[in-house]
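Subject: Structure handover and findings

Hello,

Here is the structure I promised to pass on. Please open it alongside this note, which goes through what turned up.

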Amino acid sequence: MANPEATEEEEESFDQLPAALLATIMTKLDVASICSVASTCKIFKACASHILTFIPNFHLFDTALSINLLSPLLPPNPYLSSLKVDCARLDDSAIDLLVRPSLHELCLHNCADFSGKLLSEIGGKCADLRYLYLGSVAEKRGRAIHISDLEELLNGCTQLEVLTLMFDVSLFLRHNFARVWALASEKLTSLEIGYVSSVMVTELLSPSVGPHQPLNHIRASILPGILKLNLSVDYITDAMVGTISKSLVSLTHLDLRDTPLIEPRITFDLTNSGLQQINQYGKLKHLSLIRSQEYIVTYFRRVNDLGILLMADKCANMESICLGGFCQVTDTGFKTILHSCSSLYRLRVSHGIHLTDLVFHDMSATALCMTHVSLRWCNLLTNHAIKSLVSNTHLKVLDLRDCKSLGDEALRAISTLPELKSLLLDGSDISDSGLSYLKGRIISSLVSLSVRGCKRLTDKCVYALFEGSSRLELQELDVSNLPYLSDNGILCLAKSRVPISVLRMRQCPLIGDTSIMALASMQVDEDRGHGSSLRLLDIYNCGGMTQLAFRWLKKPYFPRLRWLGVTANVNRDIIDALARNRPFLNVASHGEELGIDQWDNSESLHMHDYDDVDELEQWLLEGEFEDDDEEMIDAEINPEMFYRHCFIKKLW
């Protein structure tokens, strides 16, 4: 326990420092770090309160605060230009707190409990806004959004350059939709929409007669300055692709994804003819055409090699190509892309049913400049393809998920890549000995590794990768759905002190309480106390979990944890108690995939350290929150728990 007299002396010494010096130092921190520092003494708390009145950026990403907790952090601040927060616990009552005339950048995630008033208020108050992201607006039952709200947003934000509306805009009336977009800022260069019908997109961009205009009055081009267009639609059609290609003359990035509910008819599908219309002005650098199989198994059945050949003639300068669901395209088509696009650095193919090793047979004849390659659900690929692919020695991201024929020889080839940062091998036929090829230079440089569903892997794969390794950069690890991975493997992982922030080990029947205790006791380095560095932990449906594990999931263990996946049927009362004990923890208990949304990753640049408690929570709650749930209180450590803890301590 801290000595009160020593604490007073430290505060007196801080009091002698110039306030301007303290403020200058603290302004270099992010908001979470400022709050952490503020929790240490009265001097820093006063300084933090002052800083919050003039800092230009307020970014608080993976912690959703209520309005009562957020209000003190957002005092009047005429200098605030960038605001990014998670609004999962906010509603319309927070609009005045969030929407400010000084903003140039506004990013509001999880706005399900807001109504369309949020859009109209932004349009009315944020005339200087350049960047706007709105996620899930009005998705909660009882919340509505109207075309007039969108109209006020577009009419008021005349300086907008980037607009992202991640919700279903097809709810707007079709006959007014195109008219409203005529009000959009002429400076708009990037537009992303969470969902819109293909018919609405076609009508929006078609150079037709304007509403209430004489027949000889042709409407001016809508969105003339758009460079990047990212849309999720019901169907990708020839009509929509053709209209986009003709109307958006400056387009450099086109990202289209559809999710059909039924098999498309020819009039509502993409064919060779539509593909031929892409990139008519020759400016396109990035193209993504993805058919999702979220609802039914469906493909672009009306596109074949001829369509790809016709498109490739106009895409020689393309730098990034993503194609998903082109079941009729063979090696001839895919090979044409590789050999025609000399500047291609990113290639992504999913559900490439006819993609074989022959595509990569003569890689030396290409430019060999690819750094990101994703070949997912390409079951005809074998180890030979990977041996040829690694001729691209600058590969940084390699996604080979669900390529079931890949084995240890592929790993041997991958081990020669000196710059590899992300490796995804889900569902492949690799073994423990194969993973040992990654030990050394590769595992030392990897930031993300996934071996989910690689059924042959056992605890030995963890030993092969981590035992005796040092200075590892690994931050994300997925070992889910491994039937032979047990607590012994996780004990080895914890002992290696890898600073992992994301660990997924769902659906592992042999993982139990001991793994949680080991991770809770994990010491990343000598300068910090015990406590895992994990920010996301997914232990959904792990067979050996009991109520004992939940005692180790409460504070002060796992001080950085923000996302937790568990099984609901373990004990609903305990899960609810855990949520009360850690109000800023996102607890998922129905098997959903976890993840901090990638709308902004810049928080990783200023990660702050924690000791036994999360100072951000402490500062926000002012020490008022107490866990009074008896199920989460350890009156005494039972003999089994004490024995296991002593056993784990010996590992260190």
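A salt bridge here is a side-chain nitrogen of Lys or Arg within 4 Å of a carboxyl oxygen of Asp or Glu. K125 and D96 meet that test, with N to O at 2.9 Å. Keep in mind throughout that this is a predicted model.

First, the overall picture. The protein has 652 residues, and 54% of them are buried. There are 25 helices and 20 strands. Of the contacts with a separation of 6 or more, 76% are between residues 24 or more positions apart.

Salt bridges

How many salt bridges does a search of the whole structure find? The count is 20. Side chains of opposite charge can pair when their charged atoms come close.

K125 sits in helix α7 (residues 117-125) and D96 in helix α6 (residues 95-98), so the bridge ties together parts 29 residues apart in sequence. K125 is partly exposed, at 30% relative accessibility. D96 is exposed, at 59%.

Next, R301 and E263. Their closest N and O atoms are 3.2 Å apart. Both residues lie in loops: R301 between β9 (286-291) and α13 (305-312), E263 between β8 (253-258) and α12 (272-276). The pair therefore links parts that are 38 residues apart in sequence. R301 is partly exposed at 40% relative accessibility. E263 is partly exposed too, with a relative accessible area of 35%.

Then E593 and R452. Here the closest N and O atoms are 2.8 Å apart. E593 is in the loop between β20 (586-588) and α24 (615-621). R452 is in the loop between β15 (448-450) and α19 (459-466). The pair thus ties together parts 141 residues apart in sequence. E593 counts as partly exposed, at 46% relative accessibility. This bridge also belongs to a network: salt bridges with shared partners join R452, D478, R506, D538 and E593.

Helix packing

Two helix pairs come next. Helix α10 (residues 198-205) and helix α11 (residues 238-247) have axes that come within 9 Å and cross at roughly 30 degrees. That makes α10 roughly parallel to α11. The crossing of α10 and α11 is left-handed. On the α10 side, the contact is made by S198, V201, T202 and L205. On the α11 side, it is made by A239, M240, T243, I244 and S247. The contact of α10 with α11 divides into five nonpolar residues, four polar and no charged. An α-helix has 3.6 residues a turn, so residues three or four places apart point the same way.

The second pair is helix α20 (residues 487-496) with helix α21 (residues 513-520). Their axes come within 8 Å and cross at roughly 5 degrees. Are α20 and α21 roughly parallel or roughly antiparallel? They are roughly parallel to each other. From α20, the contact uses D487, I490, L491 and A494. From α21, it uses T514, S515, A518 and L519. The contact of α20 with α21 has five nonpolar residues, two polar and one charged.

A covered helix

Helix α3 (residues 31-38) is mostly covered, with seven of its eight residues buried. The buried ones are V31, A32, S33, I34, C35, S36 and A38.

Backbone points to check

Most residues other than glycine have a negative phi, and most peptide bonds are trans.

- K555 and P556 are joined by a cis peptide bond, with omega about 10 degrees. P556 is in the loop between α22 (547-551) and β19 (563-565).
- L223 has a positive phi, near 55 degrees. L223 lies in the loop between α10 and β7 (228-233). L223 is buried, with a relative accessible area of 7%.
- D402 has a positive phi as well, near 65 degrees. D402 lies in the loop between β13 (397-399) and α16 (408-414). At 14% relative accessibility, D402 counts as buried.

Best wishes

Key
Residues numbered from 1 in each chain as written. Predicted model: local features only at pLDDT ≥ 70, side-chain atom pairs only at ≥ 80, totals over all residues. Heavy atoms only, no water. Axes fitted to C-alpha atoms, helices over the stretch in contact; angles between N-to-C directions. Helix = DSSP H or I, 4+ residues; strand = E, 2+ residues; numbered from the N terminus. Parallel < 35°, antiparallel > 145°, perpendicular 65-115°, else oblique. Left-handed = near helix turned anticlockwise from the far one by under 90°. Contact = heavy atoms within 4.5 Å. Nonpolar A, V, L, I, M, F, W, Y, C, P; charged D, E, K, R; others polar. Buried < 20%, exposed > 50% of the residue type's maximum accessible area, 1.4 Å probe, protein only.
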